[in-house]
Amino acid sequence: MGIVPALEPYVTSYAVATAEEALKLRRRTDKPITVLCCGAYKRVRGTAFSVGSLDDAFAIPSGVKAAVKIDSGMHRTGCDEQTLPAVLRTLSGRHIEIDSAYTHFCDPSDAETTARQFERFDGMTRTLGVPRHCCASNCLTLDKTYYLDGVRPGLALYGYGREDLRPAMTVTAPVIAVRFVRKGEHIGYGDYAARRDMRVATVRLGYADGFRRCGAPLSVDCKGQKCRVVGRVCMDMFMFDASLVAVRPGETVTVLGGRATMDALCRAYRTIEYEVLTGFDKSRSNTIYIGL
């Protein structure tokens, strides 16, 4: 929510996942909001809620606008050709205004599948007379024909999803202890033992904060030096080899940014950028917005 002041001059509307997010966002903007997850409805001024089934059409409260979700081939949520007419009749009968219609592409790198999904979505919604959108961050490289009335950049706001973007988020954490460990001595939980004499720094960040345990090597950036994580990541702490850097308690290390790259974390976790970014627990950390 803290980036809203920076986005406000450039967007016509916002999209969020939940009604709770819509309530928080409404305190910061007067622009339209769409809630993209079906099923949970509240009355939030200027907010449209997703309707993707007949049950949703009956559940959405009167006086709330509907964003009709179309299943164009992803088979997650949304109306297909058989259910859409009944959904539209129900919304009309309940005097629910249709605000927009949208879909998701399952794999924009597959040109044939994407074209087929777009054709299906276009055929189902062309006559509705409402704004339509189907492109998220991973679709911004597609032909602009697919953009229709708007796009939904999410991951792109963090600086990922396209090669011409610059990462906009870093994650840092404080060093809380530095000690000397002799070869063969244990470091952290389990059976990990130092392979040589080394200085080990302990950082106040762990898997409860989103810096996950995994079987692959992890590294952090300490003063521009790539330093290897040693031992197992704990719930609230982890340790790294600080033999080559003059770091002291109270100084910070970077776990995402600099030489601690997103690519390295994605390879270690065997996942995608979005899961890494959303995995860092905001309730246990402080978020600082720079340049807003």
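Predicted model: local features only at pLDDT ≥ 70, side-chain atom pairs only at ≥ 80, totals over all residues.
Student: Okay, how many helices and strands does the protein chain have?

Tutor: The protein chain has seven helices and 14 strands. Those are DSSP runs numbered from the N terminus: helices are H or I with at least four residues, strands are E with at least two.

Student: And what box do the C-alpha atoms fill?

Tutor: Roughly 75 × 40 × 35 Å, taken along the principal axes.

Student: What share of the residues is buried?

Tutor: Of the 292 residues in the protein chain, 41% are buried. Buried means under 20% relative accessible area, exposed means over 50%, and partly exposed is in between, using a 1.4 Å probe and protein chains only. The areas themselves come from the Shrake-Rupley method.

Student: Switching to charges: how many salt bridges are there?

Tutor: The count comes to twelve salt bridges. The rule is a side-chain nitrogen of Lys or Arg within 4 Å of a carboxyl oxygen of Asp or Glu.

Student: Why would side chains pair like that?

Tutor: Side chains of opposite charge can pair when their charged atoms come close.

Student: Which residue does arginine 116 meet in a salt bridge?

Tutor: Arginine 116 pairs with glutamate 112, at 3.6 Å from N to O. The two are four residues apart in helix α5 (residues 111-125), so about one helical turn separates them. Arginine 116 is partly exposed at 48% relative accessibility, while glutamate 112 is exposed at 59%.

Student: What about aspartate 122, buried or exposed?

Tutor: Aspartate 122 counts as buried, at 17% relative accessibility. Its side chain meets that of arginine 126 in a salt bridge of 2.9 Å, N to O. Arginine 126 is exposed, with a relative accessible area of 52%. There's a network of salt bridges here too, linking Asp122, Arg126 and Arg132.

Student: Which residue does aspartate 209 form a salt bridge with?

Tutor: Aspartate 209 bridges to arginine 284, with the closest N and O atoms 2.6 Å apart. This pair links distant parts of the chain, 75 residues apart: aspartate 209 is in the loop between β10 (198-203) and β11 (219-222), and arginine 284 is in the segment after α7. Aspartate 209 is buried at 8% relative accessible area, whereas arginine 284 is partly exposed at 42%.

Student: What lines the second largest pocket?

Tutor: It's lined by 17 residues, with Cys214, Gly215, Ala216, Val229 and Gly231 nearest its centre. The lining divides into nine nonpolar, two polar and six charged residues. Ala, Val, Leu, Ile, Met, Phe, Trp, Tyr, Cys and Pro count as nonpolar, Asp, Glu, Lys and Arg as charged, and the others, Gly among them, as polar.

Student: Which residues make the nonpolar surface patch?

Tutor: Ile3, Leu157 and Tyr289 make that patch, which is about 250 Å². Patch residues have over 30% relative accessible area and no salt bridge; nonpolar side chains (Val, Leu, Ile, Met, Phe, Trp, Tyr) are joined within 5 Å, and like charges within 9 Å. Tyrosine 289 is in the segment after α7 (273-279), and it's partly exposed at 39%.

Student: Last one: what's the phi of histidine 95?

Tutor: About 60°, a positive phi although histidine 95 is not a glycine. Histidine 95 is in the loop between α4 (84-93) and β5 (98-102), and it's exposed at 71% relative accessible area. Leucine 148 also has a positive phi, near 50°, and it's in the loop between β7 (135-136) and β8 (151-152).

Methods
Residues numbered from 1 in each chain as written. Heavy atoms only, no water. 1 Å grid on protein atoms, 1.4 Å probe; cavity = no way out; pocket = protein on both sides within 12 Å on 5 of 7 lines; lining within 4 Å. Areas by Shrake-Rupley, 256 points an atom, 1.4 Å probe, with all protein chains shown as cover.
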